[in-house]
Amino acid sequence: MIKKCVLLGISMLFLVSEISAQSQNNTNLRNQYLGVRYKDYRELRELTKVNSNMINLHYGIALMKKEDKHFLFLSRFENSENHSDDFQLKVIDIKEIPKFNEFYHCVSVKGCSQNGKNDPTLFALAVIEPQKYLTKIVKVWKLDKPTGKILDYTSSGVKCINHSQLALVSE
């Protein structure tokens, strides 16, 4: 009984330290990139762009990768600080995506709808299926325009166009 309690205590200690370390990494990433202005995603050092989409004339979303972690970067289009006739993107929110297997899952940053109504402010983590629409939705996020934040959202009635399937069909 005492051995089980000690093992449980040690396991809890490791779990808490792992969660704390992950939280610290997310805070560091947010501190490093929130508010950063850029013209091209390659200016965001240490990150790789996986996919991106313009939401409307004011916002853009990018699925970024750093090592084995994925993030949604919400950016707002703004006038350049140096050239008033040009624009820049300013990172205004960052949301970490839960770990997923890239062979079986994808993150859709465009082409999502809810109950048949197209909604460019929806982004989803979905299971890859060999059909036109991804319907096995794991997680959904939504741009909240008034706050400029990416919020968790219900997956009820959400489906997304399977862009990889469309590419195969058009070849």
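Select β6 (105-108) and β9 (residues 122-127) to begin: the two strands run antiparallel and are joined by 4 bridges. Two strands count as paired if DSSP finds at least two bridges between them, and the elements themselves are DSSP runs, numbered from the N terminus, with helices (H or I) of at least four residues and strands (E) of at least two. The model is predicted, so local features need pLDDT of at least 70 and side-chain atom pairs count only at pLDDT 80 or more, while totals for chains, interfaces and linings use all residues. Residues are numbered from 1 along each chain as its sequence is written, and side-chain values use heavy atoms, with hydrogens and water left out.

**Around β9**

Within this pairing, select Cys106 and Ala126, which is the bridge partner of Cys106 in β9. Of the 6 residues of β9, 5 are buried, so the strand is largely enclosed by the rest of the structure. Buried means under 20% relative accessible area, exposed over 50%, and partly exposed in between, with a 1.4 Å probe and protein chains only.

From Lys142, turn to Tyr153: Lys142 lies over the face of that ring, at 5.4 Å from its centre. A charge is taken to sit over a ring if NZ of Lys or CZ of Arg is within 6 Å of the ring centre and within 35 degrees of the ring normal. Next select Lys39 and Phe87, where Lys39 lies over the ring face at 3.7 Å from the centre.

**The cysteines**

Which residues does the disulfide join? Select Cys112 and Cys160, whose sulfur atoms are 2.1 Å apart. A search of the whole structure finds 1 disulfide, the criterion being a pair of cysteine sulfur atoms within 2.5 Å. The torsion about the S-S bond of Cys112 and Cys160 is about 95°, so the disulfide is right-handed. Cys112 belongs to strand β7 and Cys160 to strand β13 (residues 158-161), so the pair ties together parts that are 48 residues apart in sequence. Cys112 is buried, at 1% relative accessible area, and Cys160 is buried as well, at 0%.

Now return to Cys106. Its sulfur is 7.8 Å from the closest cysteine sulfur, that of Cys160, which is too far for a bond. Cys106 is partly exposed, with a relative accessible area of 22%.

**The sheet that holds the disulfide**

Display β8, β7, β13 and β10: in that order, these 4 strands form an open sheet with antiparallel pairing. The edge strands are β8 and β10 (133-134), each of which pairs on one side only. Between β10 and β13 there are 2 bridges, in the antiparallel sense. Select Leu134 to find its bridge partner in β13, Cys160.

**The loops**

Follow the chain to the loop between β7 (112-114) and β8 (117-118), and select Asn115 there. Phi of Asn115 is near 50°, a positive value in a residue other than glycine. Asn115 is exposed, with a relative accessible area of 64%.

Then select Glu67, in the loop between β3 (59-66) and β4 (69-79). Glu67 also has a positive phi, of about 55°, although it is not a glycine. Its relative accessible area of 69% makes Glu67 exposed.

**An aromatic pair**

The whole structure contains 3 aromatic pairs. In one of them, the rings of Phe103 and Tyr104 have centres 5.0 Å apart and planes at 90°, so the pair is edge-to-face. Rings of Phe, Tyr and Trp (its six-membered ring) pair if their centres lie within 6.5 Å; planes under 30 degrees apart count as stacked, over 60 as edge-to-face and the rest as tilted. Phe103 is exposed, at 64% relative accessible area, whereas Tyr104 is partly exposed, at 47%.

**The largest pocket**

Finally, select Val50, Asn51, Leu63, Cys106 and Val107, which lie nearest the centre of the largest pocket among its 18 lining residues. The elements giving two or more residues to this lining are β2 (48-54), β6 (105-108) and α2 (163-170). The largest share, 4 residues, comes from β6.

Methods: On a 1 Å grid over the protein atoms alone, a cavity is a set of points where a 1.4 Å probe fits but cannot get out, and a pocket is an open set with protein on both sides within 12 Å along at least five of seven lines; lining residues have an atom within 4 Å of a point.
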